[in-house]
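Here's a structure to walk through, with an eye on its helix packing and its charged side-chain pairs. Have a look at it before reading on.

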Amino acid sequence: MGTGLWLVPLLIAGLSYYRYDQLDPESRSIDRHSLYPEYDFIVIGGGSAGAVVASRLSEITEWNVLLLEAGPDENEITDVPSLAAYLQLSKLDWKYKTEPTGKACLAMKGGRCNWPRGKVLGGSSTLNYMLYVRGNKHDYDHWESLGNTGWGYEQALYYFKKSEDNRNPYLQRSSYHATGGYLTVQESPWKTPLVVAFVQAGVEMGYENRDINGEQQTGFMISQGTIRRGSRCSTAKAFLRPVRLRRNIHTAMNSYVAKIVIDPLTMRATGVEFIRNGRRQIVRARKEVILSAGAINSPQILMLSGIGPKEHLRHVGISVIKDLRVGDNLQDHVGMGGLTFLIDKPVAIVQDRFQAAPMTMHYVVNGRGPMTTLGGVEGYAFINTRYANHSIDYPDVQLHMAPASINSDAGVQVRKVLGLTDEVYNTVYRPISNRDAWTIMPLLLRPRSRGTVRLRSSNPFHKPVINASYFSDPMDIAILIEGAKLAIQISDAKVFKQFGSRLHRVKLPGCKHLKFDSDAYWECHIRHITMTIYHPVGTAKMGPPSDPTAVVDPRLKVYGIAGLRVIDASIMPTICSGNTNAPVIMIGERGADLIKEDWLATIANK
């Protein structure tokens with residue numbers, strides 16, 4: 001939801017003129033073309049977790065590390081927070097889609113939801129809306145209670161703080177935050193009055209305005225994001241650029257991994273086969289292969305390598321090396337999009353109102369202004385529906401608030417990113433094109449539905465089959481309906497009266513037969529404008545040896561295969577209650593420490 005593509009040439013010219021990379025104390029990562037035949041560690045995927053793992057492993061000077069990334073480097077556009085939506089469906093996006101189920105994504109073309117994933121250095125941290133949310137302490141204590149020793153909240157907090165460089169003055173003295181880490185966290189320097197009203201509305205409803213990453217989660221907050229001096233702070237910028245001159249880390253971009261090489265006699269991962277510039281190459285790993293390709297690509301690569309559900313592997317013609325429940329347990333934060341509140345004051349983000357040239361130059365020169373907005377999400381809240389357990393701090397719905405809606409860019413990008421059909425856009429949103437509007441997106445924090453990732457074929461270039469199974473558990477939709485009603489209640493707060501805020505009441509074409517504002521109508525709306533919040537996790541589940549559904553143990557080693565770990569969002573046994581990027585960085589930090597403990601202990605014992 002930001003400025004249009006007509007700004008892009010202007011932006012690049014401005015950033016180049018100001019020698020943007022030299023303003024950044026760390027220049028870009030070096031793309032190595034002549035690789036060694038062998039490395040101690042090979043990390044597959046330079047994303048939210050992989051960049052962290054590679055950076056941390058290279059701290060041990062005796063080890064050499066190869067980082068393989070399928071996509072290219074970041075560019076000038078990825079740096080601009082407000083242009084997040086423009087990165088989707090670009091060459092930096094894997095452009096995945098879910099399978100149609102008839103139960104969700106009904107307002108999208110072909111009944112399929114778009115699932116953007118980062119195909120770029122920094123992975124989805126280069127594509128996302130930069131929100132820094134850690135989840136709830138009960139999430140991590142729950143992981144530990146499942147038998148995952150060392151994954152409780154206390155340890156998680158240690159690793160959140162290890163990465164963090166929090167530049168918000170009011171949080172710097174908090175025992176829940178840290179300064180001086182690689183990852184910069186701060187508020188956007190620019191806000192609309194709508195987000196201030198949103199937080200006040202929460203207080204009016206009896207919620208606290210609080211640091212949702214602190215002692216308690218329930219409450220309202222102005223968004224914190226992974227940005228630095230007004231530009232995106234991806235894990236590539238945070239963790240890879242500062243170590244770019246280390247001799248023991250090589251980064252190979254545009255390197256598409258086809259499979260992990262596993263010796264069937266020793267059941268050990270010995271290397272990685274990948275395609276680069278049309279050439280198939282194999283690089284060997286002396287110690288370990290670390291798979292950090294994300295919750296879609298990690299299970300895909302495991303299955304292509306012969307690790308996965310045996311019936312499925314046989315079905316696509318791959319010989320089975322290890323029968324494990326890879327690709328099951330897929331979870332995502334599903335939400336409701338398209339809830340639109342119209343206002344009479346010119347305070348929202350409306351594309352046609354912004355003057356391109358002055359706004360762009362203000363951003364380029366000062367790192368300020370509307371282009372620093374976190375993909376448009378200005379505020380968030382964690383609230384309890386009637387289904388939540390009110391006796392503990394464990395909210396069941398998160399709200400994302402944005403000072404814009406599907407209509408705010410006159411149909412240029414947001415409708416494309418969502419894949420909305422023309423009928424839905426033209427009926428509901430075109431009539432209010434470029435009008436001031438804002439939105440709240442309710443999302444389900446702990447869905448009960450579970451989906452799957454499967455191979456389409458044995459060809460590594462074929463996209464995997466993603467079945468999100470949204471709303472296969474009826475409880476999920478029941479909680480979201482309550483979330484929608486609470487969102488509308490917030491919009492009715494006294495503080496929003498000053499803007500003349502009111503709900504846009506045009507019915508969706510597929511829900512015309514239902515009474516507007518009834519539970520049945522909201523259910524129909526949710527099933528039509530189903531929003532993924534881009535948080536797929538869980539497809540290589542972590543669990544103790546007693547868990548038959550686990551793929552990795554609590555040290556993130558793949559069961560039955562030596563020298564192979566998975567370190568990314570795939571390992572989450574259950575999805576954390578909040579945006580997943582900060583937790584995945586935490587998993588990367590902890591995973592790197594587990595590797596160091598295991599290998600440095602063996603050296604110490606010799």
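## Ground rules

This is a predicted model: local features need pLDDT of at least 70, side-chain atom pairs count only at pLDDT 80 or more, and totals for chains, interfaces and linings use all residues. Residues are numbered from 1 along each chain as its sequence is written, and side-chain values use heavy atoms, with hydrogens and water left out.

## The annotated spans

UniProt, in an unreviewed entry, lists residues 118-141 and 294-308 under "domain: Glucose-methanol-choline oxidoreductase N-terminal". UniProt positions follow the numbering used here, feature names are shortened, and annotations may be inferred rather than shown by experiment.

Residues 118-141 are 21% helix and 0% strand, with 29 Å between the end C-alpha atoms. Residues 294-308 come out at 73% helix and 13% strand, and there the end C-alpha atoms are 16 Å apart. Helices (H or I, at least four residues) and strands (E, at least two) are DSSP runs, numbered from the N terminus.

## Two helix pairs

Start with helix 5 (residues 137-145) and helix 6 (residues 153-163): their axes come within 8 Å and cross at roughly 120°. Axes here are lines fitted to C-alpha atoms, for helices over the stretch in contact, and angles run from 0 to 180 degrees between N-to-C directions. Helix 5 and helix 6 are therefore oblique to each other; angles under 35 degrees count as roughly parallel, over 145 as roughly antiparallel, 65 to 115 as roughly perpendicular and the rest as oblique. Lys137, Tyr140, Asp141 and Glu144 of helix 5 make the contact with Tyr153, Gln155, Ala156 and Phe160 of helix 6, where contact means heavy atoms within 4.5 Å.

Further along, helix 14 (residues 474-491) and helix 15 (residues 519-528) have axes that come within 9 Å and cross at roughly 105°, so this pair is roughly perpendicular. Helix 14 brings Ile477, Leu480, Ile481, Glu482, Lys485 and Ile488, and helix 15 brings Asp519, Trp522, Glu523, Ile526 and Arg527.

## An enclosed helix

How many of the eight residues of helix 3 (residues 50-57) are buried? Eight of the eight are, so helix 3 is largely enclosed by the rest of the structure. Buried means under 20% relative accessible area, exposed over 50%, and partly exposed in between (1.4 Å probe, protein chains only). Arg56 is one of the buried residues of helix 3.

## Salt bridges

The structure holds 31 salt bridges, each a side-chain nitrogen of Lys or Arg within 4 Å of a carboxyl oxygen of Asp or Glu. Within helix 15, Glu523 and Arg527 sit four residues apart, about one turn of the helix, and they form one with the closest N and O atoms 3.0 Å apart. Glu523 is partly exposed at 27% relative accessible area.

Asp344 pairs with Arg502 at 3.1 Å between the closest N and O atoms. This one links distant parts of the chain, 158 residues apart: Asp344 is in the loop between strand 18 (340-342) and helix 11 (356-366), and Arg502 is in strand 24 (residues 502-503). Asp344 counts as exposed at 56% relative accessibility, while Arg502 is partly exposed at 35%.

Then there's Glu597 with Arg555, at 2.7 Å, N to O. Glu597 lies in helix 16 (residues 581-605) and Arg555 in the loop between strand 25 (530-532) and strand 26 (564-566), so the pair ties together parts 42 residues apart in sequence. A network of salt bridges links Glu288, Arg555, Lys557, Arg565, Glu597 and Asp598.
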